[in-house]
Amino acid sequence: MKSDPRVIRSLVAKDFKLKYKQSVLGFFWGLITPLVFLLIFTTVFSHAFVSIRNYALFVLTGLIFWQFFSNATNQSIQSFIRNAGIIKTINIPIHHFPLAAVVNEVAALLLSFIPFTILMLFFGLDPSWHFILLLPAVFLFALTTYGLGMALGVLNIYLRDVSILWNTIAPALFYLSPIAYDDSIVPERYLPLIKSNPLYHFFGVFRDILYANTVPSLTSWGIITGIALVAYIAGRTVLHKLDKGIISNL
Amino acid sequence: MRTPQIELRNVGVHYYTFDQGINSIKDYVMKFGFTRPFARRKVLDGVDLQVLPGEVLGILGRNGTGKSSLLRCVAGILRSYTGTVEVRGSIAPMLAIGSGIEMELTGIENIKLICSLMGTGGADIERTIDGIIAFSELSREDLQRQVKTYSTGMISRLSFSIAIAKVPDILLIDEVLAVGDAGFQRKCLDRITAIKESGCTILFVSHGADDVRRICTRAICLDQGRIVFDGEVEPAIQRYEQLFV
């Protein structure tokens, strides 16, 4: 199935409009959630994790990307059911729907960088040329999210518990990911478990760039590229295997 | 001999739906091994159909005999499990009441959205939109309101106006004339007749025998996913009415 950029653009614009329809704060809600978590974590954990230098910046550089991941998976899982009317009427390649949802969230993420950069500067962020590396890193992260959201979204058409289940798994994943803590507090024997979480490697790369102010190693890039490709191929495979029953179960 | 614009050969469509009330993973686990979780229901069964350019084909049949699925197959929305579907030419989206309309958006936002999803408009999108607004007879104030505040008749005006904005090669109409007041129904029929006279191929699903008589050049009757009659309009309507005896 061919992709049509014009159709994707219209779907993204629609999602953006719908997301904040009838809400007063609109886009700013996307900033409030991470800020609340930042407040909680800095008050609760900054004394527990004294080993982490500049804890506020550390947490924020994780929370921003978690916010994206959480929203983008939810939106892409719901994208098919939300667009059931269009899917049943107009012949549009079905993968456009989760793709539009993820693109929409990437736009929200990039927009949120404006206020968050100001906040991060306040916390002692050191601007540097290699911030540009965020672009490929965000791209790979978005590709992973797209693959995952597409697979879960298609399964959710058949069994609506998938989205409910995801609402339970996502918070668990949040605490399994090194957002509020780093490797140093994880006991040696649990490290393999922590590292088996694909998100671990993405947060590592984001932290390297924004927090540690270093260029992520080639190994890190290799790992996240691999994760992104696997997620994307898995998503397309699930979609392809199950697409014939989509209309009848929507 | 003209080449057919639409050609369906031995088309079969199945719906896989959850049977036995299985709608959650718990049910699935509990009942697994005792019943098959997916029930396969035949919606279209060995359908052979050829439609020539310029023909207006009426599609009759009870509710749930596969009329909408047939249109969806032609539109490429639904893929068939068996057989082949060949369509030559551009298709307007399947026209059903409120099809693809987003309730939270305003009327004008819906017009722009659906036009761009369908690929209508392009360079002269503004003129297309003006045409749609004029045809729908909805006021500028109505169009600025969210569609969820519309009446059913207003929604059908909106979706009909969008779908027939540009004359496609093939127009698929699914029971849209039932709503809307007498004036708008007549206007729709006039518009469909004009589209027909321009040489467009039309598939027309309707339960209104008079509407079928008025615009169709040929009709088929579907029963349980099979074509049970294909030919002249009048005998097709008789065959359709026999289904209810």
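At what angle do helix α9 (residues 198–210) of chain A and helix α10 (residues 218–242) of chain A pack? The angle is about 135 degrees, and the axes of the two helices are 10 Å apart. This is a predicted model, in which local features need pLDDT of at least 70 and side-chain atom pairs count only at pLDDT 80 or more, while totals for chains, interfaces and linings use all residues. Residues are numbered from 1 along each chain as its sequence is written, and chains are lettered from A and ligands numbered from 1 in the order in which they are written.

**Helix pair in chain A**

- Helices (H or I, at least four residues) and strands (E, at least two) are DSSP runs, numbered from the N terminus.
- Axes are lines fitted to C-alpha atoms, for helices over the stretch in contact, and angles run from 0 to 180 degrees between N-to-C directions.
- Because of its angle, α9(A) is oblique to α10(A); angles under 35 degrees count as roughly parallel, over 145 as roughly antiparallel, 65 to 115 as roughly perpendicular and the rest as oblique.
- Residues of α9(A), including A:Phe202 and A:Val205, meet residues of α10(A), among them A:Ile223 and A:Ile227.
- By class, this contact has six nonpolar, three polar and one charged residues; Ala, Val, Leu, Ile, Met, Phe, Trp, Tyr, Cys and Pro count as nonpolar, Asp, Glu, Lys and Arg as charged, and the others, Gly among them, as polar.

**Interface between the chains**

- In chain A, 21 residues are in contact with 26 residues of chain B (C-beta atoms, placed from the backbone, within 7 Å).
- The side of chain A that touches chain B receives at least two residues from each of α1 (5–19), α4 (84–87) and α11 (246–249) of chain A.
- The most comes from α1(A), with six residues.
- Seven nonpolar, seven polar and seven charged residues make up this side of chain A.

**Sheet in chain B**

- Five strands of chain B form an open sheet in the order β5-β6-β3-β7-β8, with mixed pairing; two strands pair if DSSP finds at least two bridges between them.
- At the edges are β5 (170–174) and β8 (226–231) of chain B, each pairing on one side only.
- Strands β3 (residues 56–61) and β6 (residues 201–205) of chain B run parallel and are joined by four bridges.
- Helix α9 (residues 233–242) of chain B packs on the sheet and touches β3, β7 (218–223) and β8 of chain B.

Notes. Contact = placed C-beta atoms within 7 Å.
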